[in-house]
Amino acid sequence: IMRRAMEGILPLPVQWRTGKTDFSPSLEYGLRVFERKHLDRIILDDTSVLEDYVNIDILRETYRRFLDESPAKSRDLFNIWKIASLAQWLKMCGRADNGERR
């Protein structure tokens, strides 16, 4: 369905290729360069939106390891990405500190 939806938008070789690519280096670069301040804010400064869902000590340890190791271990990279996504989703849904809707 998705390949057909891209008809006329993507070149045919791209539209119908069967291989996949590894976006990990691009994701890591984006998180380190463009999202660093945002990550620092939600992981180091104000974890209130995450506290009911995540062990903050383990999260901070994972984040420090992510920042110290280049390239990052894929597990750390994807965990940081998932946590950032969760934090953003919780904020967009108006979750308060106790998981209650605001």
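Guide: From the N terminus on, the elements run α-α-α-α-α-α, which comes to six helices and zero strands (DSSP runs numbered from the N terminus, H or I of at least four residues for helices, E of at least two for strands). The radius of gyration is 17 Å, well over the 13 Å that the globule rule gives for 102 residues, so the chain is more spread out than a compact globule (taken over C-alpha atoms; the rule is 2.2 Å times the number of residues to the power 0.38). This is a predicted model, in which local features need pLDDT of at least 70 and side-chain atom pairs count only at pLDDT 80 or more, while totals for chains, interfaces and linings use all residues. Residues are numbered from 1 along each chain as its sequence is written, and side-chain values use heavy atoms, with hydrogens and water left out.

Buried residues make up 30% of the 102 residues (buried means under 20% relative accessible area, with a 1.4 Å probe and protein chains only). The largest nonpolar core has 18 residues, and Leu39, Ile43, Leu50, Leu59, Phe66 and Ile80 touch the most other members. Such a core is a set of buried Ala, Val, Leu, Ile, Met, Phe, Trp, Tyr and Cys residues joined through side-chain atoms within 4.5 Å. Two or more residues each come from α4 (36-45), α5 (56-68) and α6 (74-92), with the largest share, six residues, from α6.

Ile80 touches Leu31, Leu39, Ile43, Leu59, Thr62, Tyr63 and Phe66, leaving aside residues up to four places away in sequence (contact means heavy atoms within 4.5 Å).

Key
Buried means under 20% relative accessible area, exposed over 50%, partly exposed in between (1.4 Å probe, protein chains only).
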